[in-house]
Amino acid sequence: MLPPSRRDFVSLTVSESGGYTNGKQRRQSCWRKWKQLSRLQRSLILFVLVLLLIGGIATYPSLSAQWGDTAVEENSVEGKQPFVVELKNQGRPLLPEPPSEQRRNSHKRGPPVLQSRLQNKGNSSELRGAEVKNVEEGDGSKPLISWRGAVIEAEQGTDPNAKEKEKAVEPEDPSAAQLVESRLEAVREAFRHAWKGYKDFAWGHDELKPVSKSYSEWFGLGLTLIDALDTMWILDLKKEFEEAKQWVATELSFNKNVDVNLFESTIRILGGLLSTYHLTGDALFLEKAKDIGSRLMPAFSTPSKIPYSDVNIGKGTAHPPRWTSDSTVAEVTSIQLEFRELGRLTGDPKYQAAVMEVMQQVHKLEGKHDGLVPMFINTNNGQFTHLGIYTLGARADSYYEYLLKQWIQGGKKETELLEDYLQAVEGIKKNLLKKSSPLGLTFVGELSHGHFTPKMDHLVCFLPGTLALGAHHGLATEHMELAQQLMETCYQMYTQMETGLAPEIAHFSMQTGSIQDVDVKLADRHNLLRPETVESLFYLYRFTKDKKYQNWGWEILQSFNTYTRVETGGYTSINNVRDPKYPSPRDKMESFFLGETLKYFYLLFSDDPNLISLDKYVFNTEAHPLPIWPQAE
């Protein structure tokens, strides 16, 4: 027997034609049922519906993320190989330069497209875990950022339409030209940002203080502006160059009662003006070079012909530092390229005669050790002082650089210069070259009265480039091999630091069982935006075409952007390369950051061997290219 029929249901009547005609009746029946509910029942039902709605909204993002992760896993299972960028891996593929708005977030480490998203600064090991993956969806491919397991859609730093372009660092990749241009533009953008700070807060003064938005004076001669002239020309920054040229034409005067350092004013001002004259052909710069060159000549009026360190360019007088009668060897032997060229252009032999007298005296001096020179020389008697201490760092470094470069500049005819250079290289290999632990890095230490110290200044990183230049000009292939070994060491001085920036001075571990090759004392942890490593990367890439050198340089540029870029314009040196959370800005942008560092970045990233050809030009120690003399001279 069937159970009694229940009454709590709603019946629907369907017509014979099968058409649905009871919509109005159904709505009326539902409304009657709703009206029959008590006020409390209706309130409870509405409350539950609201809760369900809120819960659905809250859980939607997590469901979307789950679906996104599932998509990545499915692609993996199906054998689709994702594209990966590892920030610190040697030879890694790299993202193109992000727009300036992204790079302004200058205190976060990580790939450029992540910098605007990271609210807390992570440590270096966390940031090295960043990867970029390309996950196919449907017809095309969608670039994604993988950050410690999270998948985030990439913004403007990737090319979403070209799966094959992702291996952009490989020479055979069709997008290599795009990568080159994006990196060159990144350098131009960095220069414009630095120039903006200088123009807004330090125009016509020596150096920008970007944090305090002010300036500092050294000589009061617009040092940064003059140092940057040929950089702007090489980077094709016409607007900025014309602004600077106008200032040189109307404001620059050397008729000032001011003491200048002979070495610094020669390599930055005289060298910068001569270089800009050669690149542009504009006689304005040659006239200014003649003016400053003649005003520096009183420095050579000493009993020994070894020049004083300081000159008053307004009074025409010169003197040693207040605390000593010594000059540093590097300073008196690293002004020759500039004065020799000034003499050639003017036809006045006094300039070349003065600086070559110094080289001839140093060539004959006793006190060398296997071609290595002490750091100081007395201006009264012309003898080395502080004997027994030998370094390729501060106060001696560019002596070795200028031995080779003068030989090249003069058409490879001055054999004494070459002999001194080759002897010095052998002295370095015999006395200063050691291996670190655990990686076995080749480094250059210091010798003090027979005792070896595993201390290497960042300044020494000029040496790989100089050795490579010598090999290019016909010297032993062993010089290139040593250059490549030392280049790896200089790169490790960057990559082993938490900020990815090298310290001013590093100490290398030589004991078996060491954990890290590079150790940095507390007082040596600053970074001054120095160019030496980038300079050597440029030479090594120009001669070997090995893309890893460009990639290493790109990593370094990103670290500069992350830790030294100031939002309102300019870049600042920092106090602590081991503290990525607070590297402690020093509030100073050295003129050589524009004159050298950014110039060498640009030349490194360029694939044009004729952009300042190394068969036609030789760079002074401030990165100002001067012509190699014709063979007839």
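User: Is T328 buried or exposed in this predicted model?
Analyst: The relative accessible area of T328 is 12%. Buried stands for under 20%, exposed for over 50% and partly exposed for the range in between, with a 1.4 Å probe and protein chains only. T328 is therefore classed as buried.

User: On what basis are residues numbered, and which pLDDT do side-chain atom pairs need?
Analyst: Numbering starts from 1 along each chain as its sequence is written, and side-chain values use heavy atoms, without hydrogens or water. Because the model is predicted, local features need pLDDT of at least 70, totals for chains, interfaces and linings use all residues, and side-chain atom pairs count only at pLDDT 80 or more.

User: Which element holds T328, and which residues does T328 touch?
Analyst: T328 belongs to strand β9, residues 326-328; strands (E, at least two residues) and helices (H or I, at least four) are DSSP runs numbered from the N terminus. P374 is 46 residues away in sequence, with a C-alpha to C-alpha distance of 8.9 Å from T328. Contact requires heavy atoms within 4.5 Å. With residues up to four places away in sequence left out, T328 touches M375, F376 and R395.

User: What percentage of the chain's 633 residues count as buried?
Analyst: The chain has 21 helices and 21 strands. Among its contacts with a separation of 6 or more, 66% involve residues 24 or more positions apart. The buried share of the 633 residues is 56%.

User: Which residues is L392 in contact with, leaving aside neighbours within four places in sequence?
Analyst: L392 has partners on both sides of its own sequence position, including L372 and V444.

User: How far apart are the sulfur atoms of C461 and C490?
Analyst: The structure has 1 disulfide, a term for cysteine sulfur atoms within 2.5 Å. The sulfur atoms of C461 and C490 are separated by 2.1 Å.

User: Why is the disulfide of C461 and C490 assigned its handedness?
Analyst: The assignment follows from the torsion about the S-S bond of C461 and C490. This disulfide is left-handed because the torsion is about -105°.

User: How many residues apart in sequence are the parts that E207 and K588 tie together?
Analyst: The side chains of E207 and K588 form a salt bridge with an N to O distance of 3.4 Å; the term requires a side-chain nitrogen of Lys or Arg within 4 Å of a carboxyl oxygen of Asp or Glu. E207 lies in strand β4 (residues 207-209) and K588 in the loop between α20 (547-563) and α21 (591-605), so the separation of the joined parts is 381 residues.

User: Which residues form one network of salt bridges that share partners?
Analyst: The structure holds 27 salt bridges. One of them pairs E185 with R192 at 3.0 Å, N to O. The network joined through shared partners consists of E181, E185, R188 and R192.
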